[in-house]
Amino acid sequence: MSTLRTPSADRLGRLLNLVPYLLARPGIRVAEAAADLAVTERQLREDLELLWVCGLPGYGPGDLIDMAFDGDTVTISHDAGIDKPLRLNPDEALALVVALRMLAETPGIGSRDAIERALAKIESAAGDLAGAPVAVKLPANQERLTAVRAAVDSGNALRLTYYTAARDETTERVVDPMRMLTVGTFAYLEAWCRRAEATRMFRIDRIDAFTVLDEPSRPPVGAVPHDMSDGVFRPGPELPLVTLRVSRGGRWITEYYPVEDVVEEPGEWLVTMRVTDLGWAQRFLVGLGRDVTVTGPPELVEQIRAAAHAALGQYAAPHALEADPATGR
Amino acid sequence: MNLVICLLSTRRFLTAAQIAATVPGYEHDPSDPRDHEAFQRKFERDKAELRELGVPLETGTASIFDQEPGYRIAQREYALPDILLEPDEAAAVGIAARLWQHAGLAAAASSGLAKLRAAGVEVDPQATLGVEPVVTVDPSFGPLTTAARDRRAVSFKYRVPEVDEPSARRLEPWGVVCWRGRWYVVGHDKDRNAARCFRLSRIVGDVRAVGRPEAFTPPADLDLIKHVARSSGPIARNGRATVTVRQGRAAGLRRLASAVVTAPEGDILTISYGDPEWLAARIAGYGPDARADSPPELRDAVIQQLKELASRHDRSVAEVTR
C-alpha cells in the first residue's frame, strides 16, 4: 500500500483498464474520459496511440486492438480479448470496503441503505479479498446529528445557540450551512457565520439549540471549505505558546491535543502547546487536574495562581462569592 | 500489454521460448548467450510487473512430456466479476473512494474506482451524502491489515505514554478496528499469551512481519469491536451537585446544568455527575467564578484541588521569576 508501482506497471494497469472503459462507452469524448480516469488528456492520447499496436498474436488487421478515433471521440471496435477490467487487488478492495464501512457507520448520513447495498456488491466482486480485517465503529451521538442534518437538508439558513469553548460563552448566530463532516471523535457543521463573516466549523455537540429560518442558505461565493487533511485545529504561529510540566498520569494529553513540542525528562514531561486564548487555556489546563502545572507564559501562571487563591477564599467565607474586581458585581 | 493479451488468449501453457517467438519486443537470438540472457531478464521483469498489478499468472506445463514451465492467464481469475450498481450505490462508492486522506489508500481507492468505471459503472463525482467522514490512518495501518489478511505474526515497538520506554511486542493480528475515530489492532499477544488491543498511534517505528503466512487462525466467534469497546461503557451520572456561579459567567458549567435558579449571590446550578474529581477539576478551572456547595465529597475535592493548584503554581511563579 505504501509501495508505489513502477511507472511501466502503472501504465500497463491503465491500458488494461482503458480498453474495457472505452468499450462500455462508445463515442465518448476524450476530455470526458480523461477526467473520469483522472489522467491528463495528453496522457490519454498517448495511451490511445500505444493501444493501436497492441493485440493478439499474428498482429495483423483483425488481431490488433481497433478503434475509431476522430480526434475528439473514440469508439473501440475490436478489444482483442481485453473486454473486462482486471479484478480488484487487495489494497483496492481494502480501501473501498473500509471506506464504505466508514460511510455506513457515519451518524446522520443519508442513503445508508444505498451504502449497504453498494458494500455488499463490492464485497461480492472482491471475492476472497472482501473479508477485510477491519471493523469500524464511529461515535454514536446520532440524534442531535440527525436533527441538525435534517435542518441543513432544508437548504435554509439556521439560527444557532452555540457554545464557544475558547471564550466560554454561549451566543446566538445566524449561519449559512455548507457541509457536515465527522473528524475523529467529533461531528461538525461547516457554515458561513454571518456574525463573524467567515467560514466556521461548529462542533455538533456544542450546538445547544437551533431553529430553521425562513430564508435560504446562501454562503458567499468566496466561502471556502477548510482543508481537513491536518485535522480541525491547526494552530498558527501567531497564537500564544503555553508550557506545561506534566506528570506521568497526564501524559495522555499529548495524544489527544495538538502539541508543539515534548521534552521527556525523567518523571515529568515538558510540553509546549499553542492555545487560541489564555482564558481558555486556564479553564482547560486546570480542568485537566493535578497532573498539569503551567510554567509559562508568566501571566498565565500568575492568573492561575491568583484564581486558585481567590477561589479558595470563598470556601473560607462560605456565604457569598467575592466581588469580581473587574465588574464590581 | 501484448504479453497479457497473448496469455489471456491461450488455453495452453506457453513456454518462454514460445512467447519469445510470438510476442513483439521479445525478439532475440536464443543461440547467442548474451542476447538470450537479456531476453530472460526482460521476461522476468515483465512477469514481476504482472504479479505486481495482480494479474493472475498461472504456471504449468502443456503436457507431461514438457520440461519447460509454461505460462497462461485464466480469464475467470483475471476479470472483475460483473457488477451492476444502481445510481445511488455508485454515488456511495464514489464518495467512499474520496474519503481517504492517506496517500496510499487514496491511490488504491481511486484505482479501484477506475476499475469499476471500466466495468461500466457511472460515478457522479458531484454526489454528496450530507455528512462526510474525514478519515485519517496511522502509518502502521497498511502493514497491520496486510499481516491480518495474510495471518502472519508481526513485531513492533509499543509505547504507552505512562511508561518511559517502548516495549517490544509480538502479535498475531486478527484485525484492525476504528473505534470512535481512533485505530486499534486486536490480536493474540504472543508474550502475554492473551488477547490484547494496541492503539496504532502508540506504535513506534516499523511493523515487521515475522514468520510464514497462514500461521494462525483467529477465534471463530471473533467480534473485533467488542475487544476494543469492552472497557468504555456509558458513564453513570448518579451524583447531584449544587454549584453557585457568578451571573454571566461559567457558560461551560451552565451547559452541564439540568436546572438553574437565580439567587442574590449568583446562579445556583444543579449538575449530575459520575466522577467527582472530574467535575471538581472543571469547577476549579473557573476559579472564583464558581463554587461547589454540595455534596461534601465534591466540595472537598474542589478545595483539595485548588490547594494543590495554588501550591504548584506558587512554586511555578517562583521558578519563572528566578
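# Notebook: two chains, looked up piece by piece

**Entry 1. Prolines and a loop.** I began at Pro297(A), which I found in the loop between strand 13 (292–296) and helix 9 (298–316) of chain A. (Helices, H or I of at least four residues, and strands, E of at least two, are DSSP runs numbered from the N terminus.) The model is predicted: local features need pLDDT of at least 70, side-chain atom pairs count only at pLDDT 80 or more, and totals for chains, interfaces and linings use all residues. Residues are numbered from 1 along each chain as its sequence is written, while chains are lettered from A and ligands numbered from 1 in the order written.

Back to the proline. I checked the peptide bond from Gly296(A) to Pro297(A), and it is cis, with omega near 0°. Then I turned to chain B. There, Pro295(B) lies in the loop between strand 13 (290–294) and helix 11. The bond leading from Ser294(B) into Pro295(B) is cis, with omega near -5°.

I also noted a backbone angle in chain A. Asp168(A) is not a glycine, yet its phi is positive, about 50°. I placed Asp168(A) in the loop that joins strand 5 (156–164) to strand 6 (169–183) of chain A.

**Entry 2. Domains.** I listed the domains of chain A: domain 1 (7–78), domain 2 (90–130), domain 3 (142–216) and domain 4 (241–316). (The bounds come from an automatic or database assignment.) Taken over C-alpha atoms, the centres of domain 1 and domain 3 of chain A are separated by 47 Å.

Chain B is divided into domain 1 (2–78), domain 2 (85–136), domain 3 (141–229) and domain 4 (239–321). I looked up one pair here too. The C-alpha centres of domain 2 and domain 4 of chain B lie 48 Å apart.

**Entry 3. Annotations.** I read the UniProt record for chain A. An unreviewed entry gives "domain: WYL" for residues 145–212 of chain A. (Positions follow the numbering used here, names are shortened, and annotations may be inferred.) That span, 145–212 of chain A, is 13% helix and 65% strand, and its end C-alpha atoms lie 15 Å apart.

UniProt also lists "domain: WCX" (unreviewed entry) for residues 241–312 of chain A. I found 40% helix and 29% strand over residues 241–312 of chain A, with 28 Å between the end C-alpha atoms.

**Entry 4. Helix 1 of chain A.** Next I followed one helix to two partners. Inside chain A, helix 1 packs against helix 3 (residues 41–51) at an angle of about 80°, with the axes 11 Å apart. (Axes are fitted to C-alpha atoms over the stretch in contact; angles run from 0 to 180 degrees between N-to-C directions.) So helix 1 of chain A is roughly perpendicular to helix 3 of chain A. (Under 35 degrees is roughly parallel, over 145 roughly antiparallel, 65 to 115 roughly perpendicular, the rest oblique.)

I listed the residues that meet. Arg14(A), Leu15(A), Leu18(A) and Val19(A) of helix 1 touch Asp47(A), Leu50(A) and Leu51(A) of helix 3 of chain A. (Contact means C-beta atoms, placed from the backbone, within 7 Å.) Sorted by class, this contact has five nonpolar, no polar and two charged residues. (Ala, Val, Leu, Ile, Met, Phe, Trp, Tyr, Cys and Pro are nonpolar; Asp, Glu, Lys and Arg charged; the others, Gly among them, polar.)

The axes of helix 1 (residues 7–23) of chain A and helix 3 (residues 33–53) of chain B come within 10 Å and cross at roughly 60°. That angle makes helix 1 of chain A oblique to helix 3 of chain B. On the chain A side I noted Ser8(A), Ala9(A), Leu12(A) and Gly13(A); on the chain B side, Glu49(B), Glu52(B) and Leu53(B). I counted three nonpolar, two polar and two charged residues in the contact of helix 1 of chain A with helix 3 of chain B.

**Entry 5. Another pair across the chains.** Helix 8 (residues 278–287) of chain A packs with helix 10 (residues 276–285) of chain B at about 155°, and the axes are 7 Å apart. Helix 8 of chain A is therefore roughly antiparallel to helix 10 of chain B. Gln282(A), Arg283(A), Val286(A) and Gly287(A) meet Ala281(B), Arg282(B), Ala284(B) and Gly285(B).

**Entry 6. The whole interface.** How many residues of chain B are in contact with chain A? I found 99 residues of chain B, in contact with 113 of chain A. Helix 11 (residues 296–321) of chain B gives the largest share of the chain B side, 14 residues. That side of chain B divides into 53 nonpolar, 25 polar and 21 charged residues.

Definitions and conventions. Contact = placed C-beta atoms within 7 Å.
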